[in-house]
Structure formats: structure tokens, C-alpha cells
Amino acid sequence: MAAKARTRPESTVESTGGEPADTLRDYYERMSLVRAFELRSSEMYARAKIGGYCHLNLGEEATVVGLMAAIEARDYLFTGYRDHGYALLRGLSPERVMAELFGKVTGVSGGRGGSMHLFDSETRLFGGYGIVGGQIPPATGAALALKNQEAAGPDAAAVMCLLGDGTTNIGAFHESLNLAGLWKLPIVYVIVNNGLGMGTTVEKASAEPELYKRAASYRMPGVRVDGDDVLAVRDAARDALRQARESRQPVLLEVMCYRLRGHSVVDPARYRSSEDTTIAQQSDPVPSFRAKLITAGVLSETDAAAIDEAADVRVSEAVVFADESPEPDVDDLFKYVYATAVANMPAALPGEPVMDAL
Amino acid sequence: MTEIVSTEVATTRTITYRQALNETLRAELEHDDKVFLIGEEIGIFEGSYKITAGLLEDFGPDRVLDAPIAEEGFVGAALGAAMVGMRPVVEIMTINFSLIAIDQIVNHAAKMRSMFAGQVSIPLVIRMPGGGGQQLAATHSQNLEVWYAHIPGLKVVAPSTPADAKALLTAAIRDDDPVIFLENLSLYSAKGEVPDGEQIAEIGKAAVVKTGTDLTIVSYSRGTTTALEVARQLEAEGLSIEVVDLRSLRPLDRDTICASVKKTGHAVVFEDDWLSYGIGAEISATIGEGVFDFLDAPVRRVAAAEVPLPYAKSLEKAALPSAADLAKVVREVLNISSTPNDN
């Protein structure tokens, strides 16, 4: 039976006005890049250039752009497996992200992680995690380390930990929020609530479907924001990060958005009602932000089309790079198993003897 | 880290396994300010088994951090702290509770370095005791080492003496990979000579702890102490038994095991875990692959009875592998009939 359409709950924060035109234009460029990248990822998956699981940010672009506009370079970012857009906006080149999806050695994780496990130590994108909620305890621990390594203040680093709505029902979520609340850690947990954990609605999965309210159990602020409003998302995330870095006050931020397509690229989402699909399409943040900027005179139709075209070209370059990049060398199979060399490390390929006969 | 290093003249003291662990944790907290301890009841309670006695008082609550009962949360938090440059040493009260944290250990700590192409290292130690024989019943008496020894990306060590407890714990804390450090409830009060000064063992290396020519007993942790006891007892009967102490379960030092069995032609594995798919199965297969032509008898395994361990003393005793069980199997492998006073 198809799930009922959701009614969008009201945001607990307001978006700000009076934003500089350059900033708005920049945000549209970012949204357009994520949109183009994800559409091409879907296409490349269909062409079997990409394997395994592949989850897209389609429909979540305003959320992705807003959150990544709020986070600072010094902050650490942990995400779930729907991570392409975040990696792009953290500053990783579309080439390196697409190459990772293609399983190439030039990929952000050397081709060893794939779509779900994007990692870049330089920009402090600390993964990309395929196990639901697996990122939450390590993100909490990174915040614990930060608390002990530096003093609180406006220049301190914080951790942003992204998770999906379905993730709020697992133990790791509750254990981690308890630790963060108890130890006053500089971390912002962001629930990217697209209404569906695979095919299960929040209402069918969570006894308290207003997920931000779960923060109350851990004496931390819970905030809900409209994920289709890029400025509101940015401002809410900035405020949460400010509390984390200046007051060591962890925050739970819930961002309400829609997933335009299935759970992953292979999911036709037949469980979704046509009504819900219609709402998702009507809420699509990319065309609506585009229209808003055109109406406001920030962009002309021509400008907007040029931005979309540029994003498409950028992604085409990434596809060429990924396609032409070499695969990882089989001789390097065991290269990263251990950081400290160790005696008697197993390094046999299937069928090879585990040791020489004496 | 290629060999045992002693930076001072080798003076020794006789101390317990517990004291060796405590002194090593203290020394490493002093050695590197990135090292911190985290676990349940390790601070004011000083640890369920008093391994961390006195450390909270001397190093304060940031470095000896009491965690709530949330193994998945605090083991994962230690992992995250390791990712950003700290060197956490986790105490899990017993290995049984590590199953609550197994997602963080197996799916995350063991995978991250490989999955992210070497961009991150995980200098994390997880200390935990296992073992039965304390009438703690089925859920609190397990030897689950094979769960961890199976996983690439982890290193798993199991010291059997106070000296090894010191040298392997130092090595584990200074290693840049996740190390599972297996203690044993029945070893905590065992005494032994421990060299003073900095001692760093080489992970991945077994040790021949007693030489012999007739048969090799391969064991680890508490099992090694029983193996030595049996070897000495049989020595009095004229049998020459060699004892190999694995010390490291992953990586496994197959060369040392096979070199010993090549010499003796007979092997028995003595292990505290369950028989099927256990540590002994891997050792047997290794011997079969490495030195089959030198074997004069099939390899035998002496392991725990495959039952959730009962509380009642009589049943518990029957289920756990004993010195008598080991002596009986050694004689069977050597085809020697039992002496009347052995029971």
C-alpha cells in the first residue's frame, strides 16, 4: 500500500531577507552543480559505469547547499551514504568524486570506498558511511577530542554529523546524543528528514515523528527548519554551529526536505503515493529557487540557463576524467590494511598458499 | 618496532598481571598526552577489576574518562577521537559486552583506513578480559577472540604473562592501528617477573616459551599457563614438550608454529574458546598446510565444550578445558598410556 502524502510541518525558524545578489547567485550555481552531478550519476549507473549502491541528493539540493554554506573549513563533517553533494560543496572536485563512483584510483577514496564512502582528510570530510548511523559515535568522538584539544570560542572547530530520519531510531543515535549532552561536546547533529527511510515513512518508524523533539531527552536544543529554503537552512546550521563552538552546546537540527526519486538509483519507489510524489515535485528546490531569483531580478532567464549549462559542462569533464582514469593496481590490494607495518601480515590472494611449506 | 627493546639495564620485579597493566597505562599516560583512557567505571570505581586504580586521581577526568553504560557509543567515540589524532585506550568491562559495540569495531574501526585509502589511521586500543571459570554463567564467561581474530584491519593480541602484558600493551598503545587487547579474568592475579624500563613487544610474533622435542602445545593467554604446567608435569615422566605461546592472534605467526611442529612431529592446540571454527581450527589447518610431511599423528584440539557455559560449578568445570584434559590428549597423540596417579 502506498504511503500517504505528508503534510509539511511548519519550520521553527524563519529565513532571513536582504541577502546579497552574489551570494544568491552562488547558491544557485551550487544547487545546479549538485543537480547536474546527480542526474549524470544516475545515467552513469544505468550505463554500468558505477556499481554497488548509489544514493542521490536529488530534491535535497537546498539542504545540501544551506548546510555546506554554514560549515567552516576548520569544522569536521561526517555524513551517511547519501553524500555526493556534500563532498562537492566541501570543495572536492567533481572529477575526484565521479572517479570514486567509477572505482578509479583517482577517486577521493582511491576507488576503495565508492559512492557511500567519500572521504577527504584535507577538507575534513571525514566520511561517507554506508552503515546506517555508523558515523554518529565517531563524529561524537571527534567532538570529544576537539573539546580537549582547544578552547571554546568563535574560532574553535566543531563537528557536523549528518544522518537520515530513519537513523534516529537506532541505539547509536541515542547513545551518542546522550554522550554529547553529558560531556557538552561541540557537535551539531543534522537530521536530513526526507520523510522516508528507504520505503518507510517517519510516521511508521518513529513513535515521536517530530524528530527534533528528541533533543529534549538530552537537554539540547532541537530545531526544525524547511529544507527547501536554502537561507533558512544555512542560518539555522550557522546558529547551531555557533552554539557548539562558543558554548560547547550540542544541537539537534532537523531539516525537512523531499527525496525526488527512490531510495537508491535502482529503486522505482512504487510504495510512494502519486500525491506524495506530486508534492515532492512541486517542492523541488532547484526550479523554485531559480524562479525566485528570476522574479527578484537576481538572475535573468539567460543567466540561469548559462549556470545550468556550465554545471552540465563541469560534470561532463568529470565523467571524462573518471572514465579515463586508471583502476587501482591489484599489487596495491593490501596497501592500506595497516598503518603500522606488522610481522606476519596475511597477504595471500585466493588460492595462494598461506605460507611456504617448510 | 622490530624487536623487544630494553633501554635500561635489565632489572626485574615480580608483579601481578594486573599491576603490569596498571603500571603500563600510567607510563603511557605520562609518555604521550594524546593517550587517554575511556570506559565504564574506570575512574572513581578504578575499574571492575581494578586495572585503572589510582589513575583518575593522578591524571584527572579528561584523561581517565568514565563513560555511561553505552558500549556502542563510547567505543565509537573513542574511534572518532582516534581519527582526529588522539590515542584512546578503551576498557570494555568484559569481552561479552563488546558485542554491543561490534558495529563500531568490525564495521568501522577495522575498515576505515582501507576504505578511505590510507587517509586516516586509527590508533585505538580496546582492552577487555574474557574467560570462564568464575561461575558467571553463560553470558559473562565467553572467549570470543575468534570473532576479532577473523577481521582484517584489526590486530589482536593475547598476553599470557605480566611481562608480555606490559610489552604488548605498550606496543598496542604506540601502534597506529586498532588493536584488540585480550586479557583474562583468571590471569589478573598471576605473578611473574617483569623487566623494568620501557618494553615494547613486536605484534604478530609468537614465542617458544618452553623448548622440547616430542610434542608441541600451541596456546595463548590463560591456556599458555596451563600448557606450561602440563609440560612440566610430563617432563617428570620423561616427555619433552615444547610450548608455543601465540601472543598475537592476528596476525598469526605461522612460521613459529610450523618450525616447532616440524621439529617435534606432534601438535596439540589448547584453547579456551569453543572447538568448532575456533583458534585451534586455524592452527590445525596451518600445520597441515605447512608441515604435513613432518607430522607423526593428527593434530588434536583441546577446547571448551560447545555449550552456553552453565553456572553450577560441576557443570562449569566439566565444560572448560583443564590441565588433565590436555595431559590426556598429549598422551593420546604420543600413544602413551596414562600413569596411575594422573587423573
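**Note on helix packing, domains and a sheet**

1. Helix α2(A) crosses α8(A) in a right-handed sense. This is a predicted model. The two helices of chain A, α2 (residues 61–70) and α8 (residues 230–247), have axes that come within 7 Å and cross at roughly 35°. On the α2(A) side the contact involves Ala62(A), Thr63(A), Val65(A), Gly66(A), Leu67(A), Ala69(A) and Ala70(A); α8(A) contributes Val230(A), Val233(A), Arg234(A), Ala237(A), Arg238(A) and Leu241(A). Sorted by class, the contact of α2(A) with α8(A) holds 9 nonpolar, 2 polar and 2 charged residues.

2. Chain B splits into domain 1 (15–198) and domain 2 (207–334). Their centres, taken over C-alpha atoms, are 26 Å apart. Domain 1 of chain B gives 25 residues to the contact and domain 2 of chain B gives 23. On the domain 1 side, the elements supplying two or more residues are α6 (145–149), β7 (155–157), α7 (162–174) and β8 (179–184) of chain B. That side has 13 nonpolar, 9 polar and 3 charged residues.

3. In chain B, 5 strands make an open sheet of mixed pairing, ordered β11-β13-β12-β15-β16. β11 (207–210) and β16 (300–304) of chain B are the edge strands; each has a single partner strand, so one side of each lacks a neighbour in the sheet.

4. Within chain B, strands β12 (residues 215–219) and β13 (residues 241–245) run parallel and are joined by 5 bridges. Leu215(B) lies opposite Ile241(B) of β13(B). Helix α10 (residues 279–291) of chain B packs on the sheet and touches β12, β15 (267–274) and β16 of chain B. The direction of α10 makes about 155° with that of β15(B).

Definitions and conventions
Residues numbered from 1 in each chain as written. Chains lettered and ligands numbered in written order. Predicted model: local features only at pLDDT ≥ 70, side-chain atom pairs only at ≥ 80, totals over all residues. Axes fitted to C-alpha atoms, helices over the stretch in contact; angles between N-to-C directions. Helix = DSSP H or I, 4+ residues; strand = E, 2+ residues; numbered from the N terminus. Left-handed = near helix turned anticlockwise from the far one by under 90°. Contact = placed C-beta atoms within 7 Å. Nonpolar A, V, L, I, M, F, W, Y, C, P; charged D, E, K, R; others polar. Domains from an automatic or database assignment. Pairing = 2+ DSSP bridges.
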